[in-house]
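Got a model open and wondering where the labels come from? Let's go through a few of them, one at a time.

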Amino acid sequence: MKLFEWEAKNLLSRYGILVPEGYVVQSPADIHAMPWPVVIKAQILSGSRGVAGGIMIADTIDEARHAASNIIGMNLNGLRVRRVLVERKLDTNRNLFLAAIADNYTKKVIFLASPNGGSRVETDSIGELVAVPIAPSVGYESEVATQISSHLGVSGYDSASIAEVCQAMYAMIENEKCILIEFNPLSILSDNRLAAIDAKVAIDNTCLPSDVIDHCGSVYLGGIEATTRRLGIEYIDYCGEIGVISNGHGLLSLTCDIIHALGGSVGPVFNVGEHFSERVLRESLILMNRLHPRVTFLNVFSGFRDCVEISEDVYHGILEFHYDFPIVCRIKGLNEQTSHEMFAERGIDSSLNLHEAASMAFRYSRD
Amino acid sequence: MHSESIWNSRVVIMCSMIESNLLIVDELIDFGTNVIALISPGSCQECYRNVPVQRTLATSLRKNDIDVLLILDFEGDIVKIFHDTVGSQLSIAIIACPVSAFEMTRILDIIAESNLVVLGPESCGIMAPSRFMLGTIPGLALRDGEIGLVCTSGSLTYESMATMTEDGLGLSMIICVGTGAIIGTSICGALSCLEEDEETKKVVLIAEYNEIDTEFMVEFIHSHVSKPVVICRVGGSLPPLPDKMGHSSVILRKYHSATRSIIRLRENSCISFANSLSEIAVLLGS
């Protein structure tokens with residue numbers, strides 16, 4: 001699960017990593033006076049925000065509110081912007097790149113660093129990058145930071161700061177199940193302090209401890225996002241018309257591909273996870289009802305769970321939550337035929353064939 | 001991981017004795033999988049369907065010769081569980097439940113010197129419809145055939161199996177490598193297994209866009225797989241790439257690409273790309 005930038009920065013602060021002073025707002029009116037200039041940043045789970053017009057600089061409160069009103073509600077890289085981060089713009093002397101990532105190729109945690117922070121980093125030659133793998137049996141050692149500092153060409157106070165940041169990053173990987181912590185840039189400020197100006201943090205999808213959510217300050221998300229975080233449901237707010245609920249990211253992606261191939265557009269999506277519970281499924285239906293896409297497409301491949309049980313949960317959910325928009329169900333697995341017939345008897349659109357079910361959902365989206 | 005050695009494996013299943021787990025145990029026993037023990041630390045049961053229920057893996061390893069460990073869920077420290085396997089003759093461990101990337105680094109480090117193959121986390125296992133079943137692959141009405149399937153997440157595996165069967169394709173073996181930032185056996189390991197499997201004549205690889213480095217995969221297949229391969233990548237339609245691991249994933253890819261030794265290409269390899277699951281049958285000429 002990827003954290004929003006402001007969540008990531010809350011988490012970093014808890015681990016003693018300096019981040020620019022700032023706060024997140026959902027409405028331009030909530031922007032209040034602070035040392036100017038500020039940076040207004042769209043909070044979406046996607047890169048290239050600056051290029052797409054999702055990052056602006058403001059010198060006054062009016063400019064800040066104007067920028068925020070332009071950004072909130074935008075369709076940025078296919079995602080709806082619901083919040084902006086208002087952050088103090090800091091004076092920087094040098095911009096570095098520093099990251100720690102769980103690398104499936106080496107099966108290790110690897111630290112990556114480059115003296116060239118910013119968008120150039122991806123085009124750096126290999127010689128400009130340093131990769132320091134961590135031996136799992138040994139864990140983090142101070143030698144890691146020494147190697148990185150030496151490569152970045154920093155010494156003295158800056159080197160000590162790099163060591164503190166690296167150690168904090170490893171603690172986050174160990175304690176908070178982070179699989180990616182990336183600072184681009186990690187800047188040496190004009191007063192020589194080291195600050196994470198931009199940060200990307202991703203947490204292991206498979207085991208999200210609830211206290212991480214508290215550590216990130218996700219409670220301030222409110223509503224749908226706070227609930228999905230708490231239940232471990234992956235939620236992405238695409239801008240289209242067909243809401244999708246699926247179990248497993250792969251199946252969800254496949255479902256979205258089929259909708260797209262039919263000419264439809266995907267709206268809010270929920271991945272309830274491979275081993276979803278009755279509660280998670282019901283909550284997904286409640287949340288989808290609140291988001292109110294033109295149609296909901298529930299595509300679940302249950303494996304060993306009885307489809308009839310799942311269908312009962314779905315049916316009672318639909319009745320209980322007063323669904324007043326179409327829902328198309330495809331529930332495959334144990335006893336799928338009985339479950340399909342049950343839906344048919346109760347007047348709920350259902351098909352066991354993925355293309356057929358997706359086509360039904362597509363037609364509703366065009367009605 | 002050789003299919004021949006899997007055939008008559010002695011299997012131990014670690015799980016809590018809840019209904020959903022017992023359904024899987026039932027399915028495996030009914031299929032004919034040689035389940036010799038269950039490990040359930042919190043259970044008072046001594047036996048389930050004539051299979052002894054033991055409390056710890058260490059006890060089970062002492063009492064039995066075990067080839068395969070299937071973990072449906074676990075209590076306590078998963079890393080410690082793998083510590084207990086050191087020195088045993090265990091050849092395959094399938095982790096069907098979630099395990100964090102950090103714990104996976106430690107598990108894979110512990111077993112690095114052994115011959116143990118780990119599938120997962122969140123792997124639904126390995127299955128050959130006419131030969132063996134190890135994992136949580138439900139008893140779909142599969143056709144026996146000559147196509148080997150490699151997949152990542154569980155539900156995507158189920159969906160792929162169902163679609164291929166509906167399209168008239170017969171499967172020789174299915175390997176689900178699982179999903180997560182760090183997994184045990186990689187897609188390459190699974191492809192190598194299918195290359196060695198005599199029943200498999202063609203191979204299908206289904207994964208999400210962000211789960212495979214296509215350039216590397218093509219290079220690997222060209223050098224290690226002589227059988228025709230169809231690759232189907234899903235998730236290409238999604239507007240942004242929310243799972244993209246920042247700049248780091250791009251940098252790492254470049255870094256590994258530069259540090260890998262140059263692979264000698266086979267001349268007779270055949271790779272094609274399917275845009276959807278339904279296109280697989282067309283590309284395989286069925």
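Q: What makes the crossing of α8(A) and α9(A) a helix packing, and at what angle do the axes cross?
A: This is a predicted model. In it, the axes of helix α8 (residues 278-291) and helix α9 (residues 307-320) of chain A come within 10 Å and cross at roughly 35 degrees. As for handedness, the crossing is right-handed.

Q: Which residues make that contact?
A: From α8(A) you get E278(A), L281(A), R282(A) and L285(A), and from α9(A) come D313(A), V314(A) and G317(A). Two residues count as touching if their C-beta atoms, placed from the backbone, lie within 7 Å. Sorted by class, the contact has 3 nonpolar, 1 polar and 3 charged residues.

Q: Why are β3 and β7 of chain B said to stand at the edges?
A: The sheet in chain B is open, with 7 strands in the order β3-β4-β2-β1-β5-β6-β7 and mixed pairing. β3 (47-48) and β7 each have a single partner strand, so one side of each has no neighbour in the sheet.

Q: How do you know that β5(B) and β6(B) are paired?
A: Pairing takes at least two bridges between the strands. Here 4 bridges join β5(B) to β6(B), and the two run parallel, so by that cut-off they pair. One bridge to look for is L69(B) with its partner A93(B) in β6(B).

Q: What does α2(B) touch when it packs on the sheet?
A: α2(B) touches β1 (11-14), β2 (35-39) and β3 of chain B, and its direction makes about 170 degrees with that of β2(B).

Q: How many residues of domain 1 of chain B are in contact with domain 2 of chain B?
A: Chain B is divided into domain 1 (1-119) and domain 2 (122-286), and 25 residues of domain 1 are in contact with 25 residues of domain 2. On the domain 1 side, the elements supplying at least two residues each include α2 (19-31), β6 (92-95) and α5 (101-110) of chain B. That side divides into 19 nonpolar, 5 polar and 1 charged. The domain centres, taken over C-alpha atoms, are 25 Å apart.

Key
Residues numbered from 1 in each chain as written. Chains lettered and ligands numbered in written order. Predicted model: local features only at pLDDT ≥ 70, side-chain atom pairs only at ≥ 80, totals over all residues. Domains from an automatic or database assignment. Nonpolar A, V, L, I, M, F, W, Y, C, P; charged D, E, K, R; others polar. Axes fitted to C-alpha atoms, helices over the stretch in contact; angles between N-to-C directions. Left-handed = near helix turned anticlockwise from the far one by under 90°.
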